[in-house]
Amino acid sequence: MPTHQSPAQKKTVQRVMHEFKHGELKTAAGKRKVKNPKQAIAIALHEAGASKYESPKENAKSLRRTKEKERRGETGQDAAEGRGRRTAKASGAKSGSSTKRASSAKRTSAKRTTSTRRSTTAAARSSGTARSSTAKKTSTAKRASSGTKRATGTKRAASTARSSSTKRTSAAKRASSGRKQRSAANGKTRAELYKEATRRNIAGRSKMSKQQLERALQR
């Protein structure tokens, strides 16, 4: 058995072993009594959700099912002691009284709601005409203000787009001019730089790029 068990699991294991001790434990089909202690322990762990051969999800599901069965009084111990029928009768009586109380409460609430509805409809009719006129005025004002806001928004968007496009073109022009100035300042091709490197006997010159050759020659 696992050492770590919750109080609910321990209670279920004790109940199953009590049924086995008194000859009240039966198989899943309910046709014959369980006489093997190992089988009784396996049934107890399965119903308590503490079996090591099942996943945690399956253990939680089996424990939930067992607790519902215990609340309904459908266990072997309840059947032997005659508690299952008593609990069912008590629950039926409680449910009947609760339904009667709920029906009477619904009737009184329905009467109150009808009286309140009649009073509110009269007040709503008188105030409905005033609200409709004010709503029309506010809707026209909102439409006019929304139209002005849209026009200003489109103008701002167009101005920002123009400014961003001009900035991009100026930056591209600056970059291209800088590249041209660098290439003009250098003025030598890779073949010429490679010849100079061979003349100076620079190591690793065959694998160098043009920029690497320039750096090696400037040292």
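**Helix pair and pocket: a short chat**

Trainee: At roughly what angle do the axes of helix α6 and helix α7 cross?

Mentor: Happy to start there: in this predicted model, α6 spans residues 190-200 and α7 spans residues 210-218, helices being DSSP runs of H or I with at least four residues, numbered from the N terminus. Axes are lines fitted to C-alpha atoms over the stretch in contact, with angles running from 0 to 180 degrees between N-to-C directions. The two axes come within 10 Å and cross at roughly 40°.

Trainee: Which orientation class does that give α6 and α7?

Mentor: Angles under 35 degrees count as roughly parallel, over 145 as roughly antiparallel, and 65 to 115 as roughly perpendicular, with the rest oblique. α6 and α7 are therefore oblique.

Trainee: How do the residues of the contact of α6 with α7 divide by class?

Mentor: Contact means heavy atoms within 4.5 Å. R190, L193, Y194, E196, A197 and R200 of α6 meet K210, L213, E214 and L217 of α7. Ala, Val, Leu, Ile, Met, Phe, Trp, Tyr, Cys and Pro count as nonpolar, Asp, Glu, Lys and Arg as charged, and the others, Gly among them, as polar. The division is 5 nonpolar, no polar and 5 charged.

Trainee: Which element gives the largest share of the lining of the largest pocket?

Mentor: The elements that give two or more residues to this lining are α1 (7-21), α2 (37-48) and α4 (76-81). The largest share, 3 residues, comes from α4.

Trainee: What should I know about numbering and confidence?

Mentor: Residues are numbered from 1 along each chain as its sequence is written. Local features need pLDDT of at least 70, and side-chain atom pairs count only at pLDDT 80 or more, while side-chain values use heavy atoms, leaving out hydrogens and water.
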